[in-house]
Amino acid sequence: MPRRTTAALLAALTLTLPAGCGGDDDPAAAGSPAPSATGEPWYDEITTAERDGEVGPAGTPCPLPVTFPLATGWRPETIEPPATAPSGGPEAELGAELMAALGRRGGATLRCEVDGRRRGGGFLRVWTADRAGVAPRAALDAYLADTAVETAVEPRFRDVTAGGLAAVEATWLSRSELLGEENRGWAVAVQADGRTLLFTTNESLIAERTDVLPAYRLAVQGLRVGA
């Protein structure tokens, strides 16, 4: 699978505008197999997608300290910064800076992108916190507090189980004045091998709000440390 650099990142990142932090805590557990909170905002009644491979171990796209299953038709690609300075003048430099900025958010760096647009979904992205030992809730708070790309509103949080790992899940609304649309995002943060990872969703522009959830649920419920 080819590796994606920040020169291609802008085209892959969807256009959403999300929220501020300090939301409510919910007691339900979405990482567990049994649904517990139907409808808004968690949609636990939505089941996992069909599995087709996995990603995470060395030798696969997106080497990570965890392994998670891939939904059928979803394609993983490693995100890497450009190895050399961009050429082509000020416009190329500005574009490279913008794309590099989109690969960082709230003290976390984008490491992997799983593209599900061909299946009518969106994107599943994996970030690692830049600082070791960050608590999952703190990592989510920092991610949502970063308004460089989006401003999240009405965030909610709950403790979940991601595979066999304790984790925290967040959901929030993203309101775009530019597009006149309102989207919902979901994310799970978990600690593994001394690092904090965030799994975030982004729906495509033509998808329904919940179309990304089957692949997201599959990844969260099948998460495990190592190969």
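The exercises below work through a predicted model, each with a stepwise solution.

Residues are numbered from 1 along each chain as its sequence is written. In this predicted model, local features need pLDDT of at least 70, side-chain atom pairs count only at pLDDT 80 or more, totals for chains, interfaces and linings use all residues, and side-chain values use heavy atoms, with hydrogens and water left out.

**Exercise 1. Overall inventory**

Task: State how many helices and strands the protein has, and what share of its residues is buried.

Solution. 
- Step 1. Assign the elements. Helices (H or I, at least four residues) and strands (E, at least two) are DSSP runs, numbered from the N terminus. The protein has four helices and 13 strands.
- Step 2. Apply the burial cut-offs. Buried means under 20% relative accessible area, exposed over 50%, and partly exposed in between (1.4 Å probe, protein chains only). Of the 227 residues, 48% are buried.
- Step 3. Areas come from the Shrake-Rupley method with a 1.4 Å probe; for residues, only the protein chains shown count as cover. The protein exposes about 10300 Å², and carbon and sulfur atoms supply 53% of that.
- Step 4. Check contact range. Contact means heavy atoms within 4.5 Å. Among contacts between residues at least 6 apart in sequence, 64% join residues at least 24 apart.

**Exercise 2. The disulfide**

Task: Find which cysteines form a disulfide and describe the backbone at Cys62.

Solution. 
- Step 1. Apply the rule: a disulfide is a pair of cysteine sulfur atoms within 2.5 Å. The count is one.
- Step 2. Identify the pair. Cys62 is joined to Cys112, S to S 2.1 Å. The link of Cys62 and Cys112 is right-handed, with 75° about the S-S bond.
- Step 3. Read the backbone. Cys62 is not a glycine, yet its phi is positive, about 60°. Most residues other than glycine have a negative phi, and most peptide bonds are trans.

**Exercise 3. Aromatic pairs**

Task: Count the aromatic pairs and characterise the pair of Tyr43 and Trp186.

Solution. 
- Step 1. Set the rule. Rings of Phe, Tyr and Trp (its six-membered ring) pair if their centres lie within 6.5 Å; planes under 30 degrees apart count as stacked, over 60 as edge-to-face and the rest as tilted. The count is four aromatic pairs.
- Step 2. Tyr43 and Trp186 are edge-to-face, at 6.2 Å centre to centre and 70° between the planes. Tyr43 lies in the loop between strand S2 (24–26) and S3, and Trp186 in strand S11 (residues 181–192), so the pair ties together parts that are 143 residues apart in sequence.
- Step 3. Check burial. Tyr43 is buried at 14% relative accessibility, and Trp186 is buried at 0%.
- Step 4. Turn to Phe68 and Phe199. Their ring centres are 5.2 Å apart with planes at 90°, so this pair is edge-to-face. Phe68 is in strand S4 and Phe199 in strand S12 (residues 195–203), 131 residues apart. Both Phe68 and Phe199 are buried.
- Step 5. Note the cluster: Trp127, Tyr143 and Trp172 form one.
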